[in-house]
Each structure stands twice: as C-alpha cells, then as structure tokens.
Amino acid sequence: MAEFAKLIELFDTHKVSFVSVPQSFNTTSSMGRLTLNVLLSFAQIEREVTGERIRNKIAASKRKGLWMGGVMPLGYRVEARKLLVEESEAVLVRRIFARYLELGSLPALQRELRELGIRTRSRQLTSGKIIAISL
C-alpha cells in the first residue's frame, strides 16, 4: 500500500494517471483512488493469508516428521520424505557430542575436529560445485 501511494504521488507529480479499462476506474478521481485502495487492501490480505497457510502447512508437515528440504543434517538420510538415522554417520555424530561433553568447549572441539580432518558430508550445489565444510 505504501509503495502504491508513492507511485500515485509520482504519477500526480508528472500529471499522469492510472486507468484500468476492465475495472473501470482511474486515479484522477477520488472514487477511482478509493476503488484501487480497496482492491490493493484485498490483495494484501490475500498475500498474508496465503503466507499463513503455507507456514501452517510446513509446520504441520514437520510435526508429522516429514522432511521439508534444506541441508540434510549429518547422521540422517531421507526416505519417503522422512528423516532416518544413517548409522554409519550417527556413530560420528555421537562421538562428536561425547567429545564436546568431555572438552566443555565448542572452539576446542572445532579445533580438534579440524586437526582430525573431520568434515560434513559433501554435497553438490546447483552450480555443480561440491562442498564439504570443516566442523
């Protein structure tokens, strides 16, 4: 709405009006501006409701345990949109957590993991570049 108001102000400055033939309104009259503002208000509500529905759908899917995408956590794999423990990696994850409890320091743990060359699972980006981040 604010962007539209700025646009109409810019139009007014340059003596230009917005005319819609199918909706039969133009911004040179107060009734035309009111009509456009009402339509824009409904469009804004529709965008917000759509966003809420999408967020609610994603939250409900997560509560059901469905994987909603993104970078897969170390120690898991996806099957039928569900995260399942990848036992070969889970051993490493458990070892990392145990070592953190022993050290009591994240920076110390990171140094140790880097020295041991332990990295995240490698993955390919859409650009084709393959990355694996040091832990």
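**Reading the labels on a predicted model**

Q: Why does Arg-121 count as partly exposed?
A: Arg-121 has a relative accessibility of 28%, and the label follows because buried means under 20% relative accessible area, exposed over 50% and partly exposed in between, with a 1.4 Å probe and protein chains only. The model is a predicted one, in which local features need pLDDT of at least 70 and side-chain atom pairs count only at pLDDT 80 or more, while totals for chains, interfaces and linings use all residues. Residues are numbered from 1 along each chain as its sequence is written, and side-chain values use heavy atoms, with hydrogens and water left out.

Q: Why does Glu-89 count as buried?
A: Its relative accessibility is 18%, and therefore Glu-89 falls under the cut-off for buried residues. Leaving aside neighbours within four places in sequence, Glu-89 is in contact (heavy atoms within 4.5 Å) with Leu-74, Gly-75, Tyr-76 and Arg-121.

Q: How do you know that Glu-102 and Arg-99 are separated by about one helical turn?
A: The two residues are three apart in helix 3, which accounts for the separation of about one turn. In general, an α-helix has 3.6 residues a turn, so residues three or four places apart point the same way. Glu-102 forms a salt bridge with Arg-99, with 2.6 Å between the closest N and O atoms; Glu-102 is exposed at 57% relative accessible area, whereas Arg-99 is partly exposed at 26%.

Q: Which residues are linked with Arg-77 in a network of salt bridges?
A: Glu-79 and Glu-86 belong to that network together with Arg-77, and the side chains of Glu-79 and Arg-77 meet at 2.8 Å, N to O.

Q: What puts the buried residues on the same side of helix 4?
A: The buried residues of helix 4 (residues 106–116) are Ala-108, Leu-109 and Leu-113. They lie on the same side because they cover an arc of only 135° around the axis, the arc being that of the directions from the helix axis to the C-beta atoms. These buried residues pack against helix 3 (87–103).

Q: What makes the surface patch with Phe-42 a nonpolar one?
A: The patch is formed by Met-31, Leu-34, Val-38, Phe-42 and Ile-45, with about 510 Å² of accessible area together. Phe-42, which is found in helix 2 (residues 30–63), is exposed at a relative accessible area of 56%.

Definitions and conventions: Patch = residues over 30% accessible without salt bridge, like charges linked within 9 Å, V, L, I, M, F, W, Y side chains within 5 Å. Areas by Shrake-Rupley, 256 points an atom, 1.4 Å probe, with all protein chains shown as cover. Salt bridge = Lys/Arg side-chain N within 4 Å of Asp/Glu carboxyl O. Helix = DSSP H or I, 4+ residues; strand = E, 2+ residues; numbered from the N terminus.
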